[in-house]
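Thank you for making time this afternoon.

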Amino acid sequence: MKKIYLFITLVLFCFSLNINANEKNDFKEVHVSVNGLVCDFCAQSIEKLFKKEEAVQDIDVDLKMGMVTIHIKSDAIMDDVKITELITQSGYSVEGIHRVQ
Amino acid sequence: MRFLFYIIIIFTLFNSVSYARPISYAGGWTTMFMNDDNRNKMHVHFSPTHKMSIGLNIEYFHDEELFFNSIQVNNLLKRWNKKKSQANLYLKSGFGIAYTDKNKFDGKSQAAGFTGISFDWENRSYFVKYENRYFEAEKIYNSFSQSATFGIAPYEGSYGDLHTWLMIKVENKPEKEDNLTVTPLVRLFKNVHLFELGLNDRGKFLFNYVKRY
């Protein structure tokens, strides 16, 4: 009986992993470390410019870490050059870009 | 000398794009209302690019009973973006028409302009700002003013939180008999709204409001 429970648990665990994997594939995350990000107006500038882009699903700004997380649509592409261009247009500078698939 | 001043103003207005840096994000609008014991001011500007903003400026000087309507151009000459801080050097200039009802100038209007620089530095806990301005309406009124502001944030909020700053503004107007004004103020900042409320050492209120679109 214990083996059946163990087997069911294992199956459910694998199933949940698969669900999470599918969710993550819906979009790609890009973490951008930004210099000069000290206030809400700075964050709004970046948010408004990125949200105008067709490829962007959502964006999060972490003022404390100076980090912008861009959620890119699964069928879209946004390269580092474009990201740097948008951050610069907002008035800030990019320190580093890290992609999470 | 006045001719040179106007040349500088015109030069600034029409050549600012070349030297400017970001003010707001490209396509952003900002509305500002500023009121203190000496002046009421409304400034609406648009940033066509991230390098400058241009807008309408309307001011009323209480003591001088003077209206000033102008086109104002703000340039961000230099921005220093650091990991935990930001500093900016701005050039602010305007050119327009001044009108006064005061004494011998009753009903007089004429071309007028101003120019000045502003420097600020801030991180998430401290704020420092210095700015000056020279205003000239030729025969009606000329003035120079400068101010320094120091601020401290009692806590560091996240994006979207209510941000609070406790500040003190020291203003100097050399032309005035009582030429130093000290104004403690509170700045409240949430989403696209920024409020400042203060009371100066003469018991007069300061109220500023800024909204970004």
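Predicted model: local features only at pLDDT ≥ 70, side-chain atom pairs only at ≥ 80, totals over all residues.

Let me start with chain B, whose secondary structure comes to one helix and 12 strands, where helices (H or I, at least four residues) and strands (E, at least two) are DSSP runs, numbered from the N terminus. Residues are numbered from 1 along each chain as its sequence is written, and chains are lettered from A and ligands numbered from 1 in the order in which they are written.

Read along the sequence, chain B has the pattern α-β-β-β-β-β-β-β-β-β-β-β-β. Of its 213 residues, 29% count as buried, a residue being buried if 20 or more other C-beta atoms lie within 10 Å of its own, exposed if 12 or fewer, and partly exposed in between, with C-beta atoms placed from the backbone. Chain A, by contrast in its make-up, has three helices and four strands, which run α-β-α-β-β-α-β from the N terminus on, and buried residues make up 31% of its 101 residues.

The two chains meet in a contact that takes 22 residues from chain B and 20 residues from chain A, two residues being in contact if their C-beta atoms, placed from the backbone, lie within 7 Å. On the side of chain B that touches chain A, the residues divide into six nonpolar, nine polar and seven charged; here Ala, Val, Leu, Ile, Met, Phe, Trp, Tyr, Cys and Pro count as nonpolar, Asp, Glu, Lys and Arg as charged, and the others, Gly among them, as polar.

Now to helix H2 of chain A, residues 40–51. How far apart are its end C-alpha atoms? They are 16 Å apart, which agrees with the 16 Å that its 12 residues should span at 1.5 Å a residue, the expected span being 1.5 Å times one less than the number of residues. Nine of the 12 residues of H2(A) are buried, so this helix is largely enclosed by the rest of the structure; among the buried ones are Cys42(A), Ile46(A), Leu49(A) and Phe50(A). What covers them includes, from chain A, strands E2 (56–62) and E3 (67–73) and helix H3 (80–90), together with strands E9 (163–172), E10 (180–190) and E12 (205–212) of chain B.

Staying with that neighbouring element of chain A, the contact of H2(A) with H3(A) is worth a look. The axes of these two helices come within 9 Å and cross at roughly 135 degrees, with axes taken as lines fitted to C-alpha atoms, for helices over the stretch in contact, and angles running from 0 to 180 degrees between N-to-C directions. The contact is made by Ser45(A), Ile46(A), Leu49(A) and Phe50(A) of H2(A) and by Leu86(A), Ile87(A), Gln89(A) and Ser90(A) of H3(A), and these residues divide into five nonpolar, three polar and no charged.

Finally, back to chain B for two loop residues. Glu65(B), in the loop between strand E3 (52–61) and strand E4 (66–81), has a positive phi of about 50 degrees although it is not a glycine. Glu138(B) lies in the loop between strand E7 (126–136) and strand E8 (142–152), and its phi, near 40 degrees, is likewise positive.
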